[in-house]
Amino acid sequence: MCGILVQYSKKGDIDEFKFKESLLLQRQRGPDNQSYVRLSPNLIMGHTRLSIIDLNFDSNQPFKSDQGNYISYNGEIYNFLELREELIKKGKVFNTSGDTEVLATYLDDSYINNLEKLNGMWSFAYYLAEDKKLLISRDRYGKKPLYFYEDATDLIISSEIKSIYSLKHMTRSVTREHLLYFLNTNLWHQEDNSTFYKHIKKVMPGQSIEFDLSNN
């Protein structure tokens, strides 16, 4: 279990101290390392890491690929060894033994076109630096959570809702329909991308969303 936090400010006024504070709210998801990198004046990406497959510090995230793209990733790609072999045959060179570098390199190679080849449980935010595109994705069964929030000034992607509220200085407000559904069924409403809290949306299982940051 790891944690993802990404903030894109349409006004370019990101408070790094507040971002770090909000990222650390997810420390229980990734006690082994908490890092962030400012990718541009108005884009910052963070990650909290729980080391399982590869204990090497070189696998800490946000992870920069050989092509200069960045990923913040939570989960496990079960077939990463097979994908790694495919990429090696294409001339790719790997410096770590875990699945993070394999996923980043795979996305560099195929981007959104072959996500169906991924076998595993995941949520990730992947920044394609040259094209200024941000891709977020969630596994088919929705095992790994991923939420997003957007208003006139910010786009925020997070593994946990509390980090979004922290960044926006917002008071939590419950969605009435979700509350009534839960009280009547004792189940969470899963029919669309709305959540128990107002203004917060979830990435649906099996869904990938691309944000073009070149024009807000």
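Lys 133 sits in strand S7; strands (E, at least two residues) and helices (H or I, at least four) are DSSP runs, numbered from the N terminus. This is a predicted model: local features need pLDDT of at least 70, side-chain atom pairs count only at pLDDT 80 or more, and totals for chains, interfaces and linings use all residues. Residues are numbered from 1 along each chain as its sequence is written, and side-chain values use heavy atoms, without hydrogens and water.

Lys 133 is partly exposed, at 25% relative accessible area. Buried means under 20%, exposed over 50%, and partly exposed in between (1.4 Å probe, protein chains only). Leaving aside residues up to four places away in sequence, Lys 133 touches Tyr 111, Tyr 126, Tyr 127, Leu 128, Glu 210 and Phe 211. A contact means heavy atoms within 4.5 Å. Phe 211 is 78 residues from Lys 133 along the chain, yet their C-alpha atoms are 5.7 Å apart.

## The five-stranded sheet

Five strands form an open, antiparallel sheet in the order S4-S5-S6-S7-S11. Strands S4 (63-64) and S11 (208-212) are the edges; each has a single partner strand, so one side of each lacks a neighbour in the sheet. Two strands pair if DSSP finds at least two bridges between them. S7 (residues 133-138) and S11 pair over five bridges. Ile 136 has Ile 209 in S11 as its bridge partner.

## The six-stranded sheet

Another open sheet has six strands, ordered S2-S3-S1-S9-S8-S10, with antiparallel pairing. S1 (residues 3-9) and S3 (residues 43-49) pair over six bridges. Ile 4 stands opposite His 47 in S3.
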